[in-house]
Amino acid sequence: MIFTGHNSFFVIYDKDDKQKCDIYYHSEVKKWCYVNKLFSPYIIFLLNDGEQVVLKSSGSEVVSYLRKVLAKKEVEKKN
C-alpha cells in the first residue's frame, strides 16, 4: 500500500491499482497502534465508527507523520 499524509487527512492507495484509494480524516481516527514486527511492521487504525484498518509494511516516515499529527491517539499494542 502507498500512504500519503496531509494536514487534516491521509490517503491509503491500493498497491495494485493506484486509482483506488481510501481517504481518512484525522478526526475519524479514534486510536492507532504501530506494531514493529521484524520483517513486516504494520499500523492498526481504529476508527470512530468501529472499523479497523491495517496498513501493512509501514515505514518510519509514516510512523513519524502519525506521531506528529495524531500523537495523542497513539496507543501501545497489548500482548
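Two strands count as paired when DSSP finds at least two bridges between them. Strands (E, at least two residues) and helices (H or I, at least four residues) are DSSP runs, numbered from the N terminus. The model shown is predicted: local features need pLDDT of at least 70, side-chain atom pairs count only at pLDDT 80 or more, and totals for chains, interfaces and linings use all residues. Residues are numbered from 1 along each chain as its sequence is written, and side-chain values use heavy atoms, with hydrogens and water left out.

**The sheet β4-β5-β6.** Three strands make an open sheet in the order β4-β5-β6, and their pairing is antiparallel. β4 (29-35) and β6 (52-56) each have a single partner strand, so one side of each has no neighbour in the sheet. From one strand to the next, the twist averages 15°. Axes here are lines fitted to C-alpha atoms, for helices over the stretch in contact; angles run from 0 to 180 degrees between N-to-C directions.

**The β4-β5 hairpin.** β4 and β5 form a hairpin, with six residues between the two strands. β5 covers residues 42-47 and pairs with β4 in the antiparallel sense over six bridges. Which residue in β5 is the bridge partner of C33? The partner is I44. V35 stands opposite Y42 of β5. In a regular strand, side chains alternate between the two faces of the sheet.

**The sheet β1-β2-β3.** This open sheet has three strands in the order β1-β2-β3, with antiparallel pairing. β1 (2-5) and β3 are the edge strands, and each pairs on one side only. The twist averages 15° from one strand to the next. β1 and β2 run antiparallel and are joined by four bridges. I2 stands opposite Y13 in β2.

**Helix α1 across the strands.** α1 spans residues 60-69 and lies across β4, β5 and β6. The helix runs at about 145° to β4. α1 also lies across β1 and β2, at about 30° to β1. Contact means heavy atoms within 4.5 Å.

**The largest nonpolar core.** This core has 16 residues. F3, F10, I12, I43, F45 and L66 touch the most other members. β2 (9-13), β4, β5, β6 and α1 each supply at least two core residues. Which element gives the most to this core? α1 does, with four residues. A nonpolar core is a set of buried Ala, Val, Leu, Ile, Met, Phe, Trp, Tyr and Cys residues joined through side-chain atoms within 4.5 Å. Buried means under 20% relative accessible area, exposed over 50%, and partly exposed in between (1.4 Å probe, protein chains only). In soluble globular proteins, nonpolar side chains tend to be buried together.

**The aromatic cluster.** The structure holds five aromatic pairs. In one of them, F3 and F10 are stacked, at 5.3 Å centre to centre and 25° between the planes. Ring pairs link F3, F10, Y24, F45 and Y65 into a cluster. Rings of Phe, Tyr and Trp (its six-membered ring) pair if their centres lie within 6.5 Å; planes under 30 degrees apart are stacked, over 60 edge-to-face, and the rest tilted. Is F3 buried or exposed? F3 is buried, at 15% relative accessibility. F10 is buried too, at 0%.

**The surroundings of F10.** Leaving aside neighbours within four places in sequence, F10 is in contact with F3, T4, G5, D22, I23, Y24, H26, V29, F45, Y65 and L70.

**H26 in its loop.** H26 is found in the loop between β3 (21-25) and β4. At 10% relative accessibility, H26 counts as buried. Beyond its neighbours within four places in sequence, H26 contacts H6, N7, S8, F9, F10, Y65, V69, L70 and K73.

**The salt bridge E74-R67.** The structure holds one salt bridge (a side-chain nitrogen of Lys or Arg within 4 Å of a carboxyl oxygen of Asp or Glu). The side chains of E74 and R67 meet in a salt bridge, at 3.1 Å from N to O. E74 is partly exposed, at 26% relative accessibility. R67 is also partly exposed, with a relative accessible area of 42%.

**A71 after the helix.** A71 sits in the segment after α1. At 44% relative accessibility, A71 counts as partly exposed. A71 and I23 are 48 residues apart along the chain, and their C-alpha atoms are separated by 19 Å.
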